[in-house]
Amino acid sequence: GRSDSFRMNNVFDYGHSVHAKYQNWLAEMGVLWGRWRCADCGTSWIGTALNGPWCADCERNTVVYGEVGLELPVLNIAGHCDGIVIGEVNRMIEIKTIGISTLRFEDQKLWNRYQSEQLTPDELWFNINRPFSTHLRQGQIYLHIAKTQYPELEIDEIVFIYEFKATQEVKEFVVKYNPKLIEEVLDKAAAVTLAVGSGLPPERPPWAAINNKDCSTCEYRKT
């Protein structure tokens with residue numbers, strides 16, 4: 001109903017505002033690299049915003065950050081990261097807003113502890129001491145693409161910024177590029193790309209038996 005729609009809009013707007021907050025701070029420092037566009041005069045460029053949110057052409061406070069597009073056509077992978085910070089060491093950044101319900105999907109063990117031990121929000125936040133596995137894989141894929149697409153930047157690290165919705169506490173995790181963590185993901189992407197190019201579906205994986213509970217509702221279960 002309307003309440004659910006309002007809640008989802010509120011969640012989306014909160015996440016957007018948190019991203020914009022960090023990006024604006026970095027832009028004002030002149031270290032945020034990516035795609036920029038002036039919403040007023042249309043001027044666009046890739047690099048840093050030396051004047052913060054002010055356009056160098058029309059001198060208006062209307063510059064919008066378009067983040068960093070990432071594409072790896074050979075594997076049909078595309079996405080965008082929240083930013084690249086330029087400095088003595090160039091780093092990619094990913095900004096994540098973390099809620100208590102996030103744990104249902106990202107850390108089942110901690111979620112179970114939260115329920116069984118009735119952890120407080122502060123205790124819950126204290127126990128988040130590394131990036132969640134899905135975020136790690138996402139970050140490694142982004143690093144892999146960036147090293148191919150933007151080799152001149154020599155990016156070997158990604159920084160995850162976690163902001164806790166309950167208290168606005170912040171944690172930072174720095175992760176180095178490790179291609180071994182995504183070998184299986186890239187192999188699967190290559191298999192799908194090959195199948196799309198040839199028009200032939202890939203072989204059924206060993207775990208995807210007809211009676212597998214995860215496959216019982218798949219529209220391709222008999223293919």
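**Aromatic rings and their surroundings**

A: Trp36 counts as buried, because its relative accessibility is 2% and the cut-off for buried is under 20%. The model is a predicted one, and the values below are computed from it. Ring pairs join Trp36 with Trp45 and Tyr65 in a cluster.

Two rings of Phe, Tyr or Trp are taken as a pair if their centres lie within 6.5 Å. By this rule there are eight aromatic pairs. One of them is formed by Trp36 and Tyr65, with 4.6 Å from centre to centre and 50° between the planes, a tilted arrangement. Trp36 belongs to strand β1 (residues 32-38) and Tyr65 to strand β3 (residues 63-65), so this pair ties together parts of the chain that are 29 residues apart in sequence. Tyr65, at 14% relative accessibility, counts as buried.

Another tilted pair consists of Trp111 and Tyr114, whose ring centres are 5.6 Å apart and whose planes make an angle of 35°. Here both residues lie in helix α3 (residues 108-116), three residues apart, which is about one turn of the helix. Trp111 has a relative accessibility of 10% and counts as buried. Tyr114 has 23% and is partly exposed, because this class begins where buried, under 20%, ends.

In the case of Trp125, the charged end of Lys171 sits over the ring, 4.9 Å from the ring centre. Trp125 is also among the contacts of Glu163, a residue of strand β8. Glu163 is buried, with a relative accessible area of 2%. With neighbours within four places in sequence left aside, Glu163 is in contact with Tyr14, Val18, Lys21, Tyr22, Lys96, Thr97, Ile98, Trp125, Gln168, Glu169 and Val170.

Gln168, one of those contacts, sits in the loop between β8 and β9 (170-176). Gln168 has a relative accessibility of 45% and counts as partly exposed. The phi of Gln168 is near 65°, a positive value in a residue that is not glycine. Most residues other than glycine have a negative phi. Glu154 also has a positive phi without being glycine, here near 50°. Glu154 lies in the loop between α5 (133-149) and β8 (157-164), and it is exposed, with a relative accessible area of 64%.

Helix α5 has 17 residues and reaches 24 Å from its first C-alpha to its last, close to the 24 Å expected at 1.5 Å a residue. The buried residues in α5 are His135, Leu136, Gly139, Gln140, Ile141, Tyr142, Leu143, His144, Ile145 and Ala146.

Now to the whole chain. The protein chain has six helices and nine strands, and its C-alpha trace spans about 65 × 50 × 40 Å along the principal axes. Of its 223 residues, 36% count as buried. Among contacts between residues at least 6 apart in sequence, 56% join residues at least 24 apart. The accessible surface of the chain is about 14,400 Å², with 53% belonging to carbon and sulfur atoms.

How values were computed. Residues are numbered from 1 along each chain as its sequence is written. This is a predicted model: local features need pLDDT of at least 70, side-chain atom pairs count only at pLDDT 80 or more; totals for chains, interfaces and linings use all residues. Side-chain values use heavy atoms; hydrogens and water are left out. Rings of Phe, Tyr and Trp (its six-membered ring) pair if their centres lie within 6.5 Å; planes under 30 degrees apart count as stacked, over 60 as edge-to-face and the rest as tilted. Helices (H or I, at least four residues) and strands (E, at least two) are DSSP runs, numbered from the N terminus. Buried means under 20% relative accessible area, exposed over 50%, partly exposed in between (1.4 Å probe, protein chains only). A charge sits over a ring if NZ of Lys or CZ of Arg is within 6 Å of the ring centre and within 35 degrees of the ring normal. The expected span of a helix is 1.5 Å times one less than its number of residues. Contact means heavy atoms within 4.5 Å. Accessible areas come from the Shrake-Rupley method with a 1.4 Å probe; for residues, only the protein chains shown count as cover.
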